[in-house]
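Subject: Structure handover

Hello,

Here is the structure I promised to pass on. Please open it alongside this note.

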Amino acid sequence: MNWCSRLRVVALSLLALAGTGLVLLGFHQLFLPVVGWLFPALQTPFYDLGVYGPYRAQSYVSFNLSSPLTSHVKWDSARCGDGFVLLTPSGDSVANPGPMILDGEGNLVWMSDQFGAVMNLKSQQYQGKNYLTFWGGHRDASSGQGAYYMLDETYQISHQVHVVGDNMHGDLHEFKITENNTALVTSYKKTVADLSGMGRPVDGWITDSIFQEIDIATGDLLFEWRASDHFDAGESHMTNPFAGYKEASPFDFFHINSIDKDAAGDYLISSRHLHLIATVSHETGEILWALGGERNQFKDLSDGAATDFKWQHDARWVSEAEGILTLFDNEEAGILHIEASHSKGMMLQLDVANRTVKLLHSYVSMQGTRAPSQGSLQVGPDGGLVVIGWGHSPAYSEFEVDGSLVCETHFGASWLDFWGRIVSYRTQKVQSWVGKPDYPPQAQMKHSSVYASWNGATEIQSWELQGATDGDKFESLDVVKKERNFESVFALDDSWKYTRYRVAGRDQAGNVLGYTAEFEKVTEHRMLEIILWLIPLVLVLGGAHFLCMRYVRSRGWPSLGTPRWKYSPLKMQSLV
């Protein structure tokens with residue numbers, strides 16, 4: 001076989017492969033959605049298979065942003081349907097990344113795209129008042145450079161917190177408000193360090209992990225700690241043979257990702273790359289005790305199960321008096337650092353005085369999710385459900401304290417988790433949040449219907465459609481109850497002759513909380529819209545017909561409208 005023949009075989013093989021891929025893609029994206037529509041029970045598994053795309057989004061008529069259309073793979077509405085879920089969805093498949101509040105069932109309550117890259121949305125208290133808090137700024141690989149925001153109930157910026165120091169920037173990993181109205185924040189900074197013990201330069205480069213405690217009211221620095229003062233880069237479990245030689249590629253040896261504060265004023269920190277949880281003295285900065293990693297000081301009473309966490313996040317005190325601590329155990333940091341088949345939440349009990357630890361409970365997702373980055377664990381108040389956000393995987397789960405799974409919600413296709421196209425650094429669930437936007441509700445007319453919404457308003461109980469003629473006063477036309485859906489709909493009566501309309505949002509007592517802008521009834525040219533849809537359809541069908549006829553004639557087959565005798569072999573022979 002000469003080279004030309006071989007090239008032809010390769011080309012035909014590639015065409016066949018491409019054709020097979022197109023057929024499979026068409027089956028996946030065209031046929032399976034129809035099957036899911038015919039058999040709704042299949043929509044949940046189809047969702048995770050990516051049949052509806054990596055990130056199935058819900059769009060709105062009266063609101064210009066889109067939110068995830070969530071899927072409940074395990075659900076108990078009575079246990080999980082209340083409260084608010086706080087997320088920061090981002091990734092290549094998320095059209096509108098930013099801070100987001102969903103209700104307990106996954107319906108949109110509030111979202112914004114005004115802050116750029118956003119991580120770590122929480123509801124926290126400052127001076128006795130609730131705020132939405134988050135980091136916003138510029139992401140740089142696995143860290144960030146930005147500031148910390150606090151939004152009040154009107155969703156306006158009430159406070160901003162900045163890291164203190166020259167060439168210092170707020171990192172995305174932590175923003176924790178303490179009971180003393182101070183902020184615990186992280187900062188990553190490139191620093192020269194001796195890496196000769198690792199076979200790298202004496203004047204090599206590291207990413208130093210720093211945390212600060214800052215007075216929110218004044219912006220004053222109260223405490224600062226640097227990992228490089230207490231740990232050597234050679235202790236790291238992170239393997240990156242190319243890092244540390246240049247300032248442009250420093251070695252991130254420590255990677256701090258959470259800070260908590262205890263009653264004594266000391267700091268609980270998590271080092272992802274050292275597999276370490278430690279307590280730092282608020283007086284000297286020295287390490288008071290270490291759990292996990294190479295410096296572990298605790299005897300594991302659970303045969304190693306309490307100290308085998310790796311690449312972890314979000315270490316928190318649940319009860320200092322009982323020594324109960326929780327963390328999110330990733331067990332992975334990319335394909336070169338896979339330690340187990342799945343990630344898990346862990347609840348530990350420490351006896352600090354006697355240096356012992358035991359595993360109380362662990363928490364595993366329904367599908368055995370393994371998150372290579374990010375993640376969080378939150379224990380609800382008064383023995384409530386344990387909420388785990390799976391970080392790099394677009395899902396959150398709710399468990400009994402003993403580890404029994406109660407509910408699991410996905411906001412992206414789980415089969416595509418590996419690609420990280422939809423992520424949320426942490427997930428928090430709160431039972432109460434009162435939003436009172438200082439901007440008005442919105443209404444939009446479409447196809448003889450009026451759609452109304454108010455981004456972030458939590459006290460709307462009903463919507464009232466009102467109409468007026470010229471200079472007359474508005475009168476009530478229709479009232480609909482505000483359901484869980486973000487958007488409510490009115491059907492317009494064609495007999496109404498009003499020239500102006502508006503929608504009023506009312507609370508439970510019937511008081512008006514806000515009016516939309518006035519709008520007029522629009523006469524829609526539906527026929528033009530139908531024609532615009534028909535034109536490409538006719539072109540496609542006409543082109544397909546033309547190609548089919550060309551193929552039929554090239555094969556010598558009879559086609560519709562053509563006398564059969566013209567294509568009869570006997571007739572053709574007689575003509576010859």
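Below is what came out of the analysis, from the whole chain down to single residues.

Please keep in mind that this is a predicted model.

**Overall**

The protein has 5 helices and 35 strands. Its C-alpha trace spans about 105 × 90 × 45 Å along the principal axes. Of the 576 residues, 48% are buried. The accessible surface is about 28500 Å², and carbon and sulfur atoms account for 54% of that. Take the contacts between residues at least 6 apart in sequence: 53% of them join residues at least 24 apart.

**Salt bridges**

The count is 20 salt bridges.

Arg 484 pairs with Asp 82, with the closest N and O atoms 3.8 Å apart. This pair links distant parts of the chain, 402 residues apart. Arg 484 sits in the loop between strands S32 and S33, and Asp 82 in the loop between helix H3 and strand S4. Arg 484 is partly exposed at 36% relative accessible area. Asp 82 is partly exposed too, at 49%.

Glu 331 and Lys 344 form a salt bridge at 3.5 Å, N to O. Glu 331 is in the loop between strands S21 and S22, while Lys 344 is in S22, so the bridge ties together parts 13 residues apart in sequence. Glu 331 is at 3% relative accessibility, under the 20% limit, and therefore counts as buried. Lys 344 is also buried, at 13%.

Glu 332 meets Arg 370 at 2.6 Å, N to O, in another salt bridge. Glu 332 lies in the loop between S21 and S22, and Arg 370 in the loop between strands S23 and S24, so this pair ties together parts 38 residues apart in sequence. Glu 332 is buried at 6%. Arg 370, at 29%, is partly exposed.

There is also a network of salt bridges that links Lys 122, Glu 174, Asp 314, Arg 316 and Arg 426.

**Two buried aspartates**

What does the side chain of Asp 300 reach, given that Asp 300 is buried yet has no salt bridge? The nearest side chain of opposite charge is Lys 310, 9.8 Å away. The side chain of Asp 300 instead reaches backbone: the nitrogen of Gly 304 at 3.2 Å, and the nitrogen of Ala 305 at 3.3 Å. Asp 300 itself lies in strand S19. Beyond four places in sequence, Asp 300 touches Ala 305, Ala 306, Thr 307 and Val 357.

Asp 260 is in strand S15. It is buried, at 6% relative accessibility. A polar atom of the Asp 260 side chain lies 3.1 Å from the backbone nitrogen of Trp 317. Contacts of Asp 260 beyond four places in sequence include Lys 176, Leu 184, Tyr 267 and Arg 316.

Val 386 is in strand S25. Its relative accessible area is 0%, so Val 386 is buried. Leaving aside neighbours within four places in sequence, its contacts include Tyr 363, Leu 377, Phe 399 and Val 401. Val 406 is 20 residues from Val 386 in sequence, with 9.6 Å between their C-alpha atoms.

Leu 42 is in the loop between helices H1 and H2. Leu 42 is partly exposed, at 32% relative accessibility.

Best regards

Methods
Residues are numbered from 1 along each chain as its sequence is written. This is a predicted model: local features need pLDDT of at least 70, side-chain atom pairs count only at pLDDT 80 or more; totals for chains, interfaces and linings use all residues. Side-chain values use heavy atoms; hydrogens and water are left out. Helices (H or I, at least four residues) and strands (E, at least two) are DSSP runs, numbered from the N terminus. Buried means under 20% relative accessible area, exposed over 50%, partly exposed in between (1.4 Å probe, protein chains only). Contact means heavy atoms within 4.5 Å. Lys and Arg count as positive and Asp and Glu as negative; His and the chain ends are not counted. A salt bridge is a side-chain nitrogen of Lys or Arg within 4 Å of a carboxyl oxygen of Asp or Glu. A polar contact is a pair of N or O atoms within 3.5 Å; within protein, one must be able to donate a hydrogen and the other to accept it, and residues adjacent in sequence count only if both atoms are side-chain atoms. Accessible areas come from the Shrake-Rupley method with a 1.4 Å probe; for residues, only the protein chains shown count as cover.
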